Amino acid sequence: MRHGTDDRPGIDELSASEQAAVRSAAVWYFKRHARIIADEADDESAHAVARRDDFVELHAALRKLGVPIALPDELTARV
């Protein structure tokens with residue numbers, strides 16, 4: 001996941017329906033990939049760690065957007 005600032009518009013510049021669409025897509029992705037990421041919880045390869053970090057950041061962002069979604073138990077211990 002890319003970090004930092006750039007000239008792209010922020011989420012607050014999206015319409016309410018666009019924000020809802022982004023939120024819905026993120027929730028779908030989270031639910032679809034939760035088990036896959038959790039199954040790699042003990043994998044310490046750089047790729048698995050980066051995927052896990054991005055997934056945990058996605059979880060935090062969804063919670064900030066008011067989505068009551070649980071992080072898989074396998075990842076909760078690592079946060």
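Let me begin with a definition: a salt bridge here is a side-chain nitrogen of Lys or Arg within 4 Å of a carboxyl oxygen of Asp or Glu. Please keep in mind throughout that this is a predicted model.

With that rule in place, consider Arg52, which pairs with Glu44 in a salt bridge whose closest N and O atoms are 4.0 Å apart. The cut-off is within 4 Å, and the pair is counted on that basis. The two partners sit in contrasting surroundings. Glu44 is exposed, at a relative accessible area of 54%. What of Arg52: is this residue buried or exposed? Arg52 counts as buried, because its relative accessibility is 7% and buried means under 20%. Arg52 belongs to helix α2. Its side chain also reaches a backbone atom, namely the oxygen of Asp43, at 3.0 Å.

The protein has 3 helices and 0 strands, and from the N terminus the order of elements is α-α-α. Helix α1 covers residues 16-39, and helix α2 covers 46-64. Of the 79 residues in the protein, 24% are buried, and Arg52 is one of the buried residues. As for contacts with a separation of 6 or more, 53% of them join residues 24 or more positions apart.

I return to the charged pairs. How many salt bridges does the rule give? The count is 4. Another of them links the side chains of Glu40 and Arg51, at 3.5 Å from N to O. Glu40 is in the loop between α1 and α2, whereas Arg51 is in helix α2, so this pair ties together parts that are 11 residues apart in sequence. Both partners are partly exposed: Glu40 has a relative accessibility of 22%, and Arg51 has one of 28%.

A further salt bridge is found between the side chains of Arg35 and Asp39, with an N to O distance of 3.4 Å. Here both residues lie within helix α1, 4 residues apart, which is about one turn of the helix. Arg35 is partly exposed at 46% relative accessibility. Asp39, by contrast, is classed as exposed because its relative accessible area is 57%, and exposed means over 50%.

Let me also set the Arg52 and Glu44 bridge, at 4.0 Å, beside a separate group. Salt bridges with shared partners join Arg35, Asp39 and Glu74 into one network.

Which residues make the nonpolar surface patch of about 290 Å²? The patch is made by Ile11, Leu14, Val22 and Leu65. One of these, Ile11, lies in the segment before α1.

Thank you for your attention.

Technical notes: Residues numbered from 1 in each chain as written. Predicted model: local features only at pLDDT ≥ 70, side-chain atom pairs only at ≥ 80, totals over all residues. Heavy atoms only, no water. Patch = residues over 30% accessible without salt bridge, like charges linked within 9 Å, V, L, I, M, F, W, Y side chains within 5 Å. Areas by Shrake-Rupley, 256 points an atom, 1.4 Å probe, with all protein chains shown as cover. Helix = DSSP H or I, 4+ residues; strand = E, 2+ residues; numbered from the N terminus. Buried < 20%, exposed > 50% of the residue type's maximum accessible area, 1.4 Å probe, protein only. Contact = heavy atoms within 4.5 Å. Polar contact = N/O pair within 3.5 Å; in protein donor to acceptor, adjacent residues only side chain to side chain.
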